[in-house]
Amino acid sequence: MGTKLEKERGNMLAKLAENEQKLFKKVYKQHVNAMGSEERKKYGREEITKVEKDVPNKCLNVHFANGEWFRYYVDGTWG
């Protein structure tokens, strides 16, 4: 059984459509792989506090516990 926080994070992704979940997983993997090991610790999946659709910008807004957030775009980039 996962922790309450793990369940909440799983529910965040479950609320996304299948193609949005795939987008998140693809871009998140590329995003963290571009970071150094120390930076990666701040952006682990357990640090994600919210994932929301941003339809006008055709992206997902991914928020982290440290207050930072990134847009994950359909072309596989982030910003």
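Buried here means under 20% relative accessible area, exposed means over 50%, and partly exposed lies in between (1.4 Å probe, protein chains only). You are touring a predicted model, in which local features need pLDDT of at least 70, side-chain atom pairs count only at pLDDT 80 or more, and totals for chains, interfaces and linings use all residues. Residues are numbered from 1 along each chain as its sequence is written, and side-chain values use heavy atoms, leaving out hydrogens and water.

Start by selecting K53, which is partly exposed at 45% relative accessibility. Its side chain meets that of E20 in a salt bridge (3.6 Å, N to O); the term covers a side-chain nitrogen of Lys or Arg within 4 Å of a carboxyl oxygen of Asp or Glu. E20 sits in helix α2 and K53 in strand β1, so this pair ties together parts 33 residues apart in sequence. Helices (H or I, at least four residues) and strands (E, at least two) are DSSP runs, numbered from the N terminus. E20 itself is buried, at 18%.

Next, pick D54 and R71. They form a salt bridge too, with the closest N and O atoms 3.5 Å apart. This pair links D54 in strand β1 with R71 in strand β3, 17 residues apart. D54 is buried at 10%, while R71 is partly exposed at 25%.

Now move to helix α3 and select K42 and E39, which lie three residues apart, about one turn of the helix. Their salt bridge brings the closest N and O atoms to 3.1 Å. What is the relative accessible area of K42? K42 is partly exposed, at 42%.
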